[in-house]
Amino acid sequence: MSWNVALDKIMEIKKAYFDRFGDDGLYSYGNCRTYLDHWVERLDIKEYKDILFDLHRVQCEDLILLHYRLPHSIDGADYYKAYDGLFAECRSVVIDIRKGELALTPFKKFMNLNERSDTSEERIRELLRSAKVVEFSDKLDGSMQSARFYDGKLVMSGSRAVDRNASFRLENGYRYVETHDNYMSMIRDNPDLTFIFEYIFDDDVHVVNYSSKEKGLYLIGIRNSIDGREYHYYEVLKFADEYGVMTTVLSNIDLDSAMDILDKADGLEKEGFVVNIDGFRIKMKSRDYVMLNTAIWSLGEDDHVLFNAVRFDMLDDVLPKINEPLRSKIASKADKIIEYARVKEAKVMKYMSMLNKSGLSEKKDVMVWINDNVPHDVSTYVRALYLGKDVDYLKGVKVEDILSNTCTDDAFM
């Protein structure tokens with residue numbers, strides 16, 4: 001057993017495969033997107049299939065990236081607590097699936113203030129009263145990238161990409177590190193550590209306006225890939241100062257001051273804070289920033305906007321700021337949209353399983369099989385998955401059909 005539940009679960013599945021099939025096809029994709037998919041497909045064990053169903057996964061050579069997908073209740077339990085907290089650790093964790101090692105270990109998932117019972121303001125104030133380390137770090141408005149000197153080379157990932165050739169943002173991140181000796185030295189000098197950056201560039205604009213001088217990779221975290229320890233921000237700033245890399249800013253404030261600042265902050269200038277309380281992290285967003293997001297998505301007024309918020313995974317930043325009973329109403333609609341996507345994917349995966357068992361290897365034969373055997377409403381998805389492309393199960397769907405239960409998808413009905 002390791003300190004990381006994601007690594008342990010993948011190695012459990014690998015062992016189960018080896019115990020049943022030996023090394024036959026152990027490091028083969030078959031007709032699947034990853035070795036892991038191939039193992040789970042042949043094992044046909046419900047728990048493993050359910051876990052895979054809830055993970056975005058991509059593989060490059062022997063490295064597989066795992067990222068949680070649309071959160072939902074699992075047998076009545078909290079999504080991020082299911083399977084011993086597996087999905088909380090799958091925030092773009094990267095595993096060397098052949099060696100059975102952790103290659104990149106970014107932050108585990110942490111929540112917004114008041115998003116859940118364990119991040120309620122009441123509980124946070126209780127934690128603060130006895131905390132030894134309390135840090136308020138500026139939350140930057142970009143995308144996360146991770147980097148480590150692993151197996152004798154620079155390895156990086158984005159939130160959902162581990163192949164630099166498959167993501168222009170990840171390619172830009174690689175080039176930035178490779179052309180800045182201080183970044184490369186920091187990473188090479190500390191091969192046990194995963195360095196976590198915020199990617200702030202013109203090709204990834206969110207809400208906050210950054211000047212041209214502010215663009216680059218900001219060091220926002222460090223995690224030891226050997227033992228899992230997440231460094232405090234004061235330690236992160238020491239690394240940034242030693243190597244001269246851009247980093248976040250710490251503010252000497254308390255919770256009340258932070259809330260007051262965020263009530264008054266311009267959302268175009270400040271997203272919020274990340275609060276570290278003895279290693280327990282929460283996010284706090286400025287009122288104006290959330291209002292800008294809310295204005296963009298208009299969640300309570302337009303089901304089409306809510307649909308897009310779910311589709312593009314932006315709901316969790318806004319929902320905690322919405323008061324009851326509207327919050328519950330929105331969450332209920334979001335659950336229906338998520339369930340539709342999950343059932344649609346289950347139908348697609350059924351035909352992917354049939355395709356994998358067909359034994360076909362030639363592309364032409366596979367395409368003929370899909371045309372002859374797969375219903376029209378899911379054939380596009382099956383074809384895309386076979387070709388190694390990501391699919392969007394909500395694209396082209398009418399939200400009113402989902403919410404009114406008149407959707408024609410027989411799997412959903």
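Okay, let's start with a pair: Glu235 and Arg229 make a salt bridge, with their closest N and O atoms 3.2 Å apart. By salt bridge I mean a side-chain nitrogen of Lys or Arg within 4 Å of a carboxyl oxygen of Asp or Glu. Before going on: this is a predicted model, where local features need pLDDT of at least 70 and side-chain atom pairs count only at pLDDT 80 or more, while totals for chains, interfaces and linings use all residues. Residues are numbered from 1 along each chain as its sequence is written, and side-chain values use heavy atoms, with hydrogens and water left out.

Back to the pair. Glu235 is buried, at a relative accessible area of 16%, while Arg229 is partly exposed at 37%. The cut-offs: buried is under 20% relative accessible area, exposed is over 50%, partly exposed is in between, using a 1.4 Å probe and protein chains only.

Now, Glu230. Its salt bridge is with Arg281, and here the closest N and O atoms are 2.7 Å apart. Glu230 sits in the loop between strand 10 (216-224) and helix 8 (233-243), and Arg281 is in strand 13 (residues 280-285), so this pair ties together parts 51 residues apart in sequence. Helices and strands here are DSSP runs numbered from the N terminus, helices being H or I with at least four residues and strands E with at least two. Both Glu230 and Arg281 are buried. Through shared partners, salt bridges join Glu89, Arg223, Glu230 and Arg281 into one network.

How many salt bridges does the structure hold? The count is 34. One more of them is Glu47 with Lys9, at 2.9 Å between the closest N and O atoms. That one links distant parts of the chain, Glu47 in helix 3 (residues 46-53) and Lys9 in helix 1 (residues 5-21), 38 residues apart. Lys9 is buried at 12%, and Glu47 is partly exposed at 32%.

Four strands form an open, antiparallel sheet in the order 1-2-3-4; strands count as paired if DSSP finds at least two bridges between them. Strand 1 (55-60) and strand 4 (101-104) are the edges, each pairing on one side only. Strand 1 and strand 2 (residues 63-68) run antiparallel and are joined by six bridges.
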